[in-house]
Amino acid sequence: MSPMSRADKPVRIGMLGCGVVGSEVARLLLADTEELSTRAGVKIELAAIAVRTIKPHEGINPAIFTTDPYSIVNDPEIDLIVEVMGGIEPAYELALLAIQNRKSIVTANKALLASHGAELFTAAYAQGEDIYYEASVAGAIPIIRPLRDSLVGDFVIRVMGIVNGTTNYILTKMHEDNKEFAVALKEAQDLGYAEADPTADVEGFDAAAKAAILSGLAFHTRVTVSDVYREGISQITLDDVQLAKSLGYVIKLLAIAELTPKDEISVRVHPVMLEKAHPLASVRDAFNAVFVEAESAGPLMFYGRGAGGAPTASAILGDILAVSRHIAHNSVGQRETDYADRDIAPIETTKTKFLIRLEVQDKSGVLAAIAQVFATQGVSIQTVDQNGRDADAELIIVTHLATEGELKATVDALKKMDIVSKVSSVIRVEGASA
Ligand code: HSE
């Protein structure tokens, strides 16, 4: 079909799911169909929506709802599938079937892409279809397109992001209002940020899926969520937060993806004591931000709302229009590349600075004995501070760069010492310099 004849035929959209995000996509699409069609250069039409249970949605023609998603992905008159149902199955099966049926995909589904991205991209590219997924990482923030398109001529060195709004909100409340973790979590749940079961957010699973997507794009390699080392924030105490503040840090849950000296990808999600001068340190509440360092571009920062119906719908609409243009012109957009096929660095080899908080006996020789344990494992100490005295004595040790393996061996040895009553916290430290 020539591009000219296609321009007269609408791009027909089938949407899978109509929850918080999907209903906002439908609302925005229907509110400004004409103007959005003008921008796309082709008429776009919301033709069908699959839901689990049909109920009235204000402003949406009830006739376009169905409880059978297969009727949409098998419909030859549908050109573009917008997948906003979430979860891995049946989203994966439906997306694959849609691609086999020559439909492009717009999805917000980070879990799907972080587990089955490779299969979906391969299938889509074999069929000459697009997969666009700007909303899958950091909601409204344009970060997929910048990494895939704008920076494709550069060499990314590191991507570091606050990509989970719920945990950022909890940590902000702990820092600014001195709230205990459990209290801040309850507040996040009451505000609708955290789910009743907050595990995915609080334990870093959500951020790990996003880290997999970002690192794959940045380093031209297929990365799955199982490649990502992950720790959440449930172990962070108010004492840790107060200590961070007193030392000029803020605790953030960061997704970090970087190249190691061996050209491997180190990709991880864990809490970090971040120097207050770092641009990410000022990202508060439920906001997200992604900090990218590239060889020629230098540092770049992308900031905005990472969740919520309208912000996520904004990213999805951008994708719908981009893909509609391609459909109208019988073309496809910039594709992911995986030619580099880099290895994933084992977490034990990753180098970081650490802060270790120890409850110790307050008597002569204790510091020397502890310093000896660090020396034996080859971990160089940068600073040592003592808080409290006698039974309340606490040592706060910040190391120079050490591998996770060296640090773990050090902590294991410290735990066995009679003079150490408790290793209260071990938190990685990130500086402010790009
Ligand atoms: N639950 C996520 C967050 C948003 O709190 O940022 C969806 O990925």
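**View 1. The second largest pocket and its 26 lining residues.** In this predicted model, Tyr-229, Glu-231, Val-426, Ile-427 and Arg-428 are the lining residues that lie nearest the pocket's centre. A pocket here is an open set of points on a 1 Å grid over the protein atoms alone, where a 1.4 Å probe fits, with protein on both sides within 12 Å along at least five of seven lines; lining residues have an atom within 4 Å of a point. Two elements, α15 (404-415) and β17 (420-430), each give two or more residues to this lining, and α15 gives the most, with seven. Helices are DSSP runs of H or I with at least four residues, strands runs of E with at least two, numbered from the N terminus. Domain 2 (144-304) and domain 3 (347-430) each supply at least three lining residues; the bounds come from an automatic or database domain assignment.

**View 2. Strand β9 (residues 249-259), tucked in.** Ten of its eleven residues are buried, so β9 is largely enclosed by the rest of the structure. Buried means under 20% relative accessible area (1.4 Å probe, protein chains only).

**View 3. β9 and its antiparallel partners, β7 and β10.** Strands pair if DSSP finds at least two bridges between them. Four bridges link β9 to β7 (residues 156-162), with Gly-161 partnering Ala-255. Eleven join β9 to β10 (residues 265-275), where Pro-271 sits opposite Leu-253. Five residues separate β9 and β10 in their hairpin, and Asp-263 in the turn has a positive phi of about 65°.

**Notes.** Residues are numbered from 1 along each chain as its sequence is written, and side-chain values use heavy atoms, without hydrogens and water. Local features need pLDDT of at least 70, side-chain atom pairs count only at pLDDT 80 or more, and totals for chains, interfaces and linings use all residues.

Terms used
Buried < 20%, exposed > 50% of the residue type's maximum accessible area, 1.4 Å probe, protein only.
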